[in-house]
Amino acid sequence: MKHVMAENGRSGGGPGYAKVALPLPVRQEFDYGIPACLGGRVSAGERVRVPFGRRHLVGYCVGLAEESDIPPARIRYIEELLDPAPVVGPDLLALTRWMADYYACSWGEALAAALPAGVGNPAARRPRTAVLLAAGEAAAAKALEEAGERRPEQARVLRVLAAGGEGLSPAELARRARTTTSPIRTLARAGMLVLEELDADDDPFAGVPAAPDTPPELTADQARALASLAGAIERREFRVELLWGVTGSGKTEVYLRAIE
C-alpha cells in the first residue's frame with residue numbers, strides 16, 4: 001500500500017519523500033521524510049544526514065517521491081542537508097547505479113567509491129599530507145641513478161621532486177609523475193622522502209596553476225595494450241580485458257592513456 005505524507009509533514013507542497021542510498025552492504029534505497037524546514041531544497045545528488053537504527057549516517061539522495069510503502073507513523077526524517085547543490089550529477093548517478101548492479105553492491109557503496117575521500121563522510125576528512133625531499137641533491141642524484149630503468153616509477157617521482165615538486169601531496173605528486181602513491185611510499189620507507197602532516201586549511205599552493213606535464217613514451221607492450229583498449233572504447237564496445245604486469249611495469253600509464 002502506498003502512503004502519502006500528511007500535510008503537516010510535507011516539505012512545503014513539494015515531494016514528501018527522499019530516496020536515500022546509504023554506503024551499507026544492503027542492496028536497497030531507503031525512504032526518508034523531507035521535513036518542512038527543507039521544503040523544496042532537497043534534490044537528487046545531494047548528501048543528507050539521516051538516522052539509521054541507533055546511528056546517524058551520511059547518504060545520497062537519489063530521487064524524490066510523493067508516496068512511500070512505509071506508513072507515515074514509521075517514517076524517519078532527514079536530519080541535515082549537507083550540500084546547497086548536488087555533488088553528484090545525473091551522469092554519475094546513472095553510472096553508479098550501473099556499477100551497483102554489475103558488481104553486486106549497494107548503490108550507496110558505489111557512490112562512496114566513486115567520490116573523493118571525505119565527501120561521503122565529512123567527519124573523516126584528514127589533514128593534507130605534504131611530501132618533501134629528505135636527502136640533499138647529491139643523495140637524490142645517486143638514488144635517481146640507482147632507480148634508473150629498474151624502477152622507472154620511482155625514478156619519475158624523484159625527477160618531479162628534483163624539478164621543484166617539494167611540498168606536493170602524495171596524490172598530486174603521483175599525478176605529476178604519472179604513477180600511483182605506491183612508489184612514493186616505498187621511497188619514504190627508504191628514507192628518501194619525508195611525509196609531513198599539514199593543517200587541512202594551510203594550502204600554500206591554492207590558486208597556483210598546474211603546468212601540464214609531458215606523458216612518457218609508451219613501451220611496445222604498453223602500446224599494444226592501449227591499442228586493444230582504445231579500439232573497444234572507440235567502438236563504444238563493452239568488454240572485459242585483463243591487463244597483466246608486475247608492480248612498476250607501467251600499467252597505470254595504460255589506464256591514464258585509455259582515460260584520455
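A crossing of two helices is called left-handed if the near helix is turned anticlockwise from the far one by less than a right angle, and right-handed if clockwise. The model shown in these views is predicted, so that local features need pLDDT of at least 70 and side-chain atom pairs count only at pLDDT 80 or more, while totals for chains, interfaces and linings use all residues. Residues are numbered from 1 along each chain as its sequence is written, and side-chain values use heavy atoms, with hydrogens and water left out.

**View 1. Helices α1 and α2 cross in a right-handed sense.** Helix α1 (residues 90-103) packs on helix α2 (residues 107-114) at an angle of about 120°, and their axes are 8 Å apart. Axes are lines fitted to C-alpha atoms, for helices over the stretch in contact, and angles run from 0 to 180 degrees between N-to-C directions. The angle makes α1 oblique to α2; angles under 35 degrees count as roughly parallel, over 145 as roughly antiparallel, 65 to 115 as roughly perpendicular and the rest as oblique. In contact (heavy atoms within 4.5 Å), Leu92, Leu93, Thr96, Arg97, Met99 and Ala100 of α1 meet Trp107, Ala110, Leu111 and Ala114 of α2. By class, this contact has eight nonpolar, one polar and one charged residues, where Ala, Val, Leu, Ile, Met, Phe, Trp, Tyr, Cys and Pro count as nonpolar, Asp, Glu, Lys and Arg as charged, and the others, Gly among them, as polar.

**View 2. Helices α7 and α8 also pack, with a right-handed crossing.** Helix α7 (residues 220-234) and helix α8 (residues 251-259) make an angle of about 30°, with their axes 10 Å apart. That makes α7 roughly parallel to α8. On the α7 side, Gln222, Ala225, Leu226, Leu229 and Ile233 meet Glu253, Val254, Arg257 and Ala258 of α8, and the residues of this contact divide into six nonpolar, one polar and two charged.

**View 3. Helix α4 (residues 152-162) is mostly covered.** Eight of its 11 residues are buried, where buried means under 20% relative accessible area, exposed over 50% and partly exposed in between (1.4 Å probe, protein chains only). The buried residues of α4 include Glu153 and Arg156 as well as Val157, Leu158, Val160 and Leu161.

**View 4. Cys37 is exposed, whereas Cys105 is buried.** The relative accessible area is 60% for Cys37 and 18% for Cys105. A search of the whole structure finds zero disulfides, a disulfide being a pair of cysteine sulfur atoms within 2.5 Å.

Technical notes
Helices (H or I, at least four residues) and strands (E, at least two) are DSSP runs, numbered from the N terminus.
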